[in-house]
Structures are given as C-alpha cells and as structure tokens.
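Here are my notes on the model you passed along. Have it open as you read.

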Amino acid sequence: MGTMTDIHTIDNIELVFLNQEDYEEIKNAMIEAYSNMPEAYWKEHHIKSLIEKFPEGQVGIKVDNELAGCALSILVDYAKFDDKHTFREITGAYTFSTHTNEGDKLYGIDVFIRPKFRGLRLGRRLYDYRKELCEKLNLKGIVFGGRIPNYHQYSGSLSPREYIEKVRKKEIHDPVLDFQLSNDFHPARILQGYLEGDKESKEYAVLLQWDNVYYEKKTNKAAIKKTVVRLGLIQWQMRLYKNLTELMQQAEYFVDAVSGYRADFALFPEFFNAPLMAPYNNLSEPEAIRKLAEYTEEITQRFAELAISYNINIITGSMPEMVDNNLYNVGYLCKRGGGMERFEKLHVTPDEAKIWGLQGGKHIQTYDTDCGKIGILICYDIEFPELSRILAEDGIDILFVPFLTDTQNGYSRVRNCAQARAIENECYVAIAGCVGNLPKVHNMDIQYAQSMVFTPCDFSFPTNGVKAEATPNTEMILIADLDIDLLRQLNQFGSVRNLKDRRTDIYSILRTKR
C-alpha cells in the first residue's frame, strides 16, 4: 500500500467526475480502503449504473493525477422509506433502482479514502462537494447510514446508544463517526442490521443527517424568494404641520424616496405624528394625546394605500390608539400585496404611564411578509430580551424597532440593547427614531436619534456589527441591504451559535397564555 503521502510533495489536488474507464482504479482504491473487508468493493456494473443514473453524484479526488478516494451517492424520495431501513432496501438490493431525479434528499452510498492519503482532509473535500451539490439541486439535505467500526471492541459492555454517546463526548475514538460529527452531520437514530457482513460494527449503523438551510419548498406561484432584502429607514424631523394632509405629504415624500431605491421595507419612528398635538396644547397631556389618537385610523388607511401604490411594505412607526377606553401605543404593518397587521407596545415607560396614562399591550407575534418572517418591537420593548428571543424562536430574520428618545441616555439604552439582540438572536435589527425639537407640544420638546441597522458579529458581517448608520440628529433616509442567506450560514456554521448552544435543559422562556 505504500507509506503516507508527504504533503510537501503534492503539486495538485482536484475533484473529478468518475467515468466507467476509471473502474479498475476505483476497485483497487476500495480494496485498499476496506482492507478488513476485502470482498466489499463495488462491481463494475454497480459503478456503471451509478454513473448512468446520477453522474453528478459520483466524484473522485485525485492527488497528482492518482485516485485518492471517491464519494458515491443517489437521489431518493425519502418519504418512501422508513427511518429503520437497511442498506439493501435504500439501494434497491444494490441495483440503485431507488434513485429518482425528482428525489428530495441526497443519500450517501459510499465515501472512502486510500490509507496513504489519509490525514490530508480529503474526505472533508468530498463532503463539501456533496453539500454544495445539495444546495445547487435545492435538496432538503443529505442522509446516510454511518458505520461504527470500533463498536465490536465495546459491544460486550456498551449498547450502540451508549457507544455513540461516548464517541460524542470524545471518551471513545471511532474513525468514521468522529469524522461525520466533525463535518456537521447529526445522529438521527440507530439502524440495526443495516449492512450485511459488517462485523466491526456488529451490523449496526447510525443514521446521519445534514440539513440544507438554503432549501426552498417548490411552489407554482409566480414569485421570487428574496434572499437580499433592502430596508429604507426614515429618520424623521419633528416639525409643526398645519394639518394631517401636510403631515402625510411629508410621509409620502419619504415613501416615494425609499421606494425609488427599490426598498422592500420603509420604517417610520415611534410617535412620528406627535406634531399633530400642537393645536391641543391648551389641553392636559392625557387629553391631548387622546386627541392625537383620533387621527390613527385615517393615517393607517393612507399608509395602506401608499404601500400598494409605491410597492413597498410600510411599518408605520407607532401612534396612540383607544381601545375600550384604554390608551395603547400601536402601529401597523401595511403590506404591498394588500392587508394590514397590528402590533403594540407591551412595556410602557414610567413617564408614559404617569403623564399619558398609556397601557401596555398584550400580544406578541411574528409577521409573514414577501421577504420572510419579521418581528416588530416598539422602543422600550427592545430592552426586554425575552421578547426578541420569543420572536427568534418563531423564526424571524429581521427585527424592526421604531423608537422615540429625548436624550442621548435614552437613545443609548435603545441602541445598545438593539445591538445585543442582533447578536443573541442571530438576526438583523433595524432601529429608526425622530430628531429635532417640538416646542409647542408638551412632553415632546426634544428628540435625539441615530437610526441604525445591526448585524450579528461574525466573519460574514461587519466587524463592529453595524451594517449602516445615519448621521446623528439629522433628518435623512438610511438604505441598507441585508443578505438573509448569511443568517442561515451563521446559524449552522458560525464561530459561535447562540441559538443552537442554548442550555434549554436548564432554562427556557415560556410565553404566558391569554
């Protein structure tokens, strides 16, 4: 078999598609790789069948033009098979008649590396190719039965389940299972009687799976799934307006501007419509804000019209609203495809409760849009990490935060908490606030804001976790493109994986039923 290959003498490593003419080399490589099972090589008609049925699935890796190893696979309609299947069943008694070009999963038939080429991480290259092929073909994932060749040494004292657990804890070394686990495959179940004649594994195998996070369910709808989402944040200048029409003219100006950049979302700040309280400055603060609430329905309807006419999803910021004689801080998601959904502020600040008599809302939810699932939290709510974690568990990609703060202290609370939520929940967080002064409206005298878009902190994202930032305290729009696929990659392969690594065995967040 020869000695181990010296990495310093290698000139070229390349992946190649297997051809029928390669059979003798494939056969010899298998005999070397499975020296303890000398008759366990694929016959020529097997290789020919695999290449004819699924040429993309049969690849080899060559080192200086010498075959070092191979990966063989088929496509299967996995719903037709029981999770307790055997290798004979999944391969159609080794005929590979189970292969179908309409399959939804790539099933691994074999992977082997010749002994003298081991230690060069060539097996990882073969698995990386399989993963890329899975993504290219839009398959749900990869699945196969993994041998546990060292199990025979422990079968007298350990069950297969106990053996696998000790391998995972690094208490026992298993060359095959250790390799699979290091390549992001996760054990799904134990297969008994999987491979006939596998004495080393006692005919046990581990059903291993890898999920394609980029998989998109096939649809007949004439729509394109957005993977890059463009946001338009409005940093709104507080100024006096004569009436609602004038205020909405300014709002439409911003909607027109961000839609001109083909933004998918427009985000307005909390209480952006506060200037409409100016005519009621002679009233008490609780009376004035209840007067402002009388505009909410009409403003919402106008935003709904703008969303459709400008082809953009609009998050209206927030406005006061009376429900059953109670005052709430609410907003609406107006969808460009039609329809509206309501969101509400759950936590009110001491000042809001004392001066205005605001009540906290009761409903937290995610929203399905044509750009994926989103969440919306109003200002103070971002300072309660439980809320964003609930939304993250429900699958949001982007968290929107309309806010209103009067001082840099208040702004810093919102900003720093929003950035923490992006890291904790592996999502994007966009915050938009009001700027400037409003001298003729009680309790709304000054505003401070710097609208921003935050990202997780990992190699695929900005090093400081800031995708885009507005000029502080200046009226402007902020445009940012967000790559949703990067979140999928982070969730599976990030330097740290905050969502996956939670110790749910010792803590969890429970949502109170109402």
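**Notes on the sheet and a helix pair**

1. Strand β2 (residues 59-63) and strand β3 (residues 66-76) run antiparallel, joined by five bridges. In this pair, K62 stands opposite L67 in β3. Strands count as paired if DSSP finds at least two bridges between them; strands (E, at least two residues) and helices (H or I, at least four) are DSSP runs, numbered from the N terminus.

2. A word on the source: this is a predicted model, where local features need pLDDT of at least 70, side-chain atom pairs count only at pLDDT 80 or more, and totals for chains, interfaces and linings use all residues. Residues are numbered from 1 along each chain as its sequence is written, and side-chain values use heavy atoms, leaving out hydrogens and water.

3. Zooming out, the sheet is open, with seven strands in the order β1-β2-β3-β4-β5-β7-β6 and mixed pairing. β1 (13-17) and β6 (186-192) are the edge strands, each pairing on one side only. From one strand to the next, the twist averages 25 degrees.

4. Helix α1 (residues 23-33) lies across β3 and β4 (105-113), at about 75 degrees to β4. Axes are lines fitted to C-alpha atoms (for helices, over the stretch in contact), and angles run from 0 to 180 degrees between N-to-C directions.

5. Now the helix pair: α11 (residues 385-393) packs on α12 (residues 408-425) at an angle of about 35 degrees, axes 10 Å apart. P385, S388, R389 and A392 in α11 meet R421, E424 and N425 in α12, contact meaning heavy atoms within 4.5 Å.
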